[in-house]
Each structure stands twice: as structure tokens, then as C-alpha cells.
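Please look over the sequence and the structure shown here before reading on.

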Amino acid sequence: GKADIIISVEPMELLRYLPYLKENGYLVTDSNPFVNIPNYPDLDNLYKEINSKKNSILIDAKKIAKELGNSKAANIVLLGAASALLPLSDESLQKAIKTLFKRKGERIVNKNLDAFNKGKEVATEIVS
């Protein structure tokens, strides 16, 4: 129960780690499930459980990334959503994104920066 934030790319996985979250900690997850077991829980029940927590950010990161033209950037959307909660500046996170994707070219770097910024924007609307 000491984690400040739990970030997950999948809603059920997020719930597995709830015991590690401190009382006023934050949850950030993509709403899209990765159904890899036959008895995957009902999505409405998962969402209800996540939204019952005081500080939860449940977003459709996959859809946002796809709308931005980079369906593989859902994780970067989630990073943007969590960025205001992290003890790192936007500048340092954006620099890391540029470094990470530099070898893939400027277009991919910019797509990932767009994903980061959109995630931050969507999360700001949720927690405001």
C-alpha cells in the first residue's frame, strides 16, 4: 500500500495491483481489455471497480492513438495521462520520447509527441 500511482495498459491487470496502491494514490489505465483467458471478467464490472476509486483515470488510449494516426502509441497516450502525476517535467518526458523514437524518423517522433500531449489533455479533463 505505498505506490503513488499504478499505470496499466489493460484494466484487469490494473486491478491485480490495487493492494500496492496507497490510500490517495492514482490509477491510470487503458479501457481496452486484453482478453487472454476464457473467464475474463465483465468489462462493466471492471470499469465500475476502477471508477469507484477516488483517483482513477480510465481512458480509451487505443482509440486516441488510432485517431492520431499511430495505433501503436496507446502506451504513450497513457504516459501523457500519467505525466502530471509523475515527478518528471513534461520537457524531460518529451526529450525521452524524442530519444526513444529518433531512429524511426521525425514523423514517428511527432506522432508519439502528439499521443503524449493528447493523453495529458484527456486526463486533465477527467481530473478537473
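Serine 8 is buried, its relative accessible area being 6%; buried means under 20% relative accessible area, exposed over 50%, and partly exposed in between, with a 1.4 Å probe and protein chains only. The structure is a predicted model, in which local features need pLDDT of at least 70 and side-chain atom pairs count only at pLDDT 80 or more, while totals for chains, interfaces and linings use all residues. Residues are numbered from 1 along each chain as its sequence is written, and side-chain values use heavy atoms, with hydrogens and water left out.

Serine 8 belongs to strand β1 (residues 3–8). Leaving aside residues up to four places away in sequence, serine 8 touches Glu13, Leu14, Val28, Thr29, Asp30 and Leu78; contact means heavy atoms within 4.5 Å.

## The chain as a whole

The protein chain contains six helices and three strands, which follow one another from the N terminus as β-α-β-α-β-α-α-α-α. Helices (H or I, at least four residues) and strands (E, at least two) are DSSP runs, numbered from the N terminus.

| Property of the protein chain | Value |
|---|---|
| Span of the C-alpha trace along its principal axes | about 40 × 35 × 25 Å |
| Buried share of the 128 residues | 37% |
| Share joining residues at least 24 apart, among contacts between residues at least 6 apart in sequence | 51% |

## Nonpolar cores

A nonpolar core is a set of buried Ala, Val, Leu, Ile, Met, Phe, Trp, Tyr and Cys residues joined through side-chain atoms within 4.5 Å. The largest one has 22 residues, of which Ile59, Ile76 and Val77 touch the most other members. At least two residues of this core come from each of β3 (56–59), α3 (61–67), α4 (74–82), α5 (90–101) and α6 (106–127). Apart from this core lies another, of 11 residues, including Leu14, Tyr40, Ile50 and Leu58.

With residues up to four places away in sequence not counted, valine 77 touches Ile59, Ala61, Ile64, Ala65, Ala115 and Gly119.

## Aspartate 42

Where does aspartate 42 lie? Its place is in the loop between β2 (21–30) and α2 (43–51). Aspartate 42 counts as partly exposed because its relative accessibility is 42%. Aspartate 42 and alanine 65 are 23 residues apart along the chain, and their C-alpha atoms are separated by 24 Å.
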